[in-house]
Amino acid sequence: MERELEALTRAGLRRRRRTVAARSAARYTVDGRPTINFASNDYLGLADHPAITDAAIRGARRWGVGSGASHLVSGHFAVHEELERRLAAFVGCAASLLFSTGYMVNSGVIPALVGRGDAIFADRLIHASLVDGALLSRADLRRYPHGDLAALEKALAASRAPRKLIVTDSVFSMDGDIAPLPELLRLAERFDAWLMVDDAHGFGVLGPQGRGACAQAGLSSERIVYIGTLGKAAGVSGAFVAGSARLIEWLLQKTRSYIFTTGSAPLLAEALLAALDLIEEGDARRDNLARHIGALRAAKVDRAELLPSTTAIQPLILGDNARASACAEQLLEAGLWVPAIRPPTVPEGSSRLRISLSAGHTQEQVAQLIGALQTLKV
Ligand SMILES: *Cc1c(COP(=O)(O)O)cnc(C)c1O
């Protein structure tokens, strides 16, 4: 371990946590220093919203803290039930199932849908939790080059697998670009496959009232297995899978990461109901976020290196691990917290600063970031 940890250090790949001592909106005190946080997925600035905090407190008073057992034993409360109904309706599906985290949805739902002898077709850049679910399923995993519909079509056409599952992120978490969902659904229909859409970075942000990437693309189909996560734009914690009533009933019976774990705290469901209200009424927040994205894209930051993203995720590619880390340090010294993302989270040679913008930022804070990026010494 010592030897390999040293090797990680030498390669500029040793990770360490920074500890937050206090926060208020986008202002975070980290390692004793006041910063503006551009490292969070709190896209709507809801993570410390007073209405959500109050709902959590009300929830704790009403239900206590722990759920005490798994959902299938005695840990399923009326507020979980209400939240599942609201989440399903919000994303235009018949039913949904609430989990404690998105990692648990993705690592559990894929093995519940496909197994040995089946085939999974996944974009090269899908989230690690989907990769882990695919490996756990023991189905044959084929990864197509990022966004390459022709390669996907060819692989689907060549497959004799009895069950096929196409897996994609809606918004890719480290690149910020959006998957071609209508084309993916057409291929799923043509080749009789499921289409799993991980909308971790679209839920709450994209589409009318923040109903997500499928709503934005106007898609609805019983082939879609929709995944939303609730720790990003929703500002709380948790995740859900939504789809047809039959799909959800199946997953309730078969998903090990749902069955063999304690139910999420009911106070979180109470907080999430309040978060959903704010998301539904959140056009002003989404407009604010769009203005920040526009401002950053319009600025003369080294545009050649800023990936072509229209979402809150704005990656600045630096390539080298040490260079990415040095830039992040420089920004931190200027009071701007922007994470350096390195392999294995992103492919070798594509280390980057992952800037994430939020409705919780002020125009002045975004202007300060732009100024610092323009004077980065790399
Ligand atoms: C964050 C993320 C997840 C995991 O969700 P958690 O609720 O944080 O476990 C899954 N998929 C994608 C694309 C993500 O970005």
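Helix 4 (residues 102-113) contributes the most to the shell around the ligand, with three residues, helices being DSSP runs of H or I with at least four residues, numbered from the N terminus, and strands being runs of E with at least two. The model is a predicted one, in which local features need pLDDT of at least 70 and side-chain atom pairs count only at pLDDT 80 or more, whereas totals for chains, interfaces and linings use all residues. Residues are numbered from 1 along each chain as its sequence is written, and side-chain values use heavy atoms, with hydrogens and water left out.

Of the 14 residues around the ligand (a heavy atom within 4 Å), G102, Y103, D198, H201 and K232 come nearest. A polar backbone atom of Y103 lies 2.9 Å from an oxygen atom of the ligand, while an N or O atom in the side chain of D198 is 2.5 Å from a ligand nitrogen atom. For H201, a polar side-chain atom is 2.5 Å from an oxygen atom of the ligand. The protein covers 82% of the 380 Å² of accessible area that the ligand has on its own (Shrake-Rupley method, 1.4 Å probe).

In helix 3 (residues 78-90), the buried residues (under 20% relative accessible area, with exposed meaning over 50%; 1.4 Å probe, protein chains only) are V79, H80, L83, E84, L87, A88 and F90. These residues cover an arc of only 165 degrees around the axis, which puts them on the same side of helix 3, the arc being that of the directions from the helix axis to the C-beta atoms. The face turned away from this buried side carries the exposed residues A78, R85 and A89. Just after helix 3, G92 adopts a positive phi of about 75 degrees.

How values were computed
A polar contact is a pair of N or O atoms within 3.5 Å; within protein, one must be able to donate a hydrogen and the other to accept it, and residues adjacent in sequence count only if both atoms are side-chain atoms.
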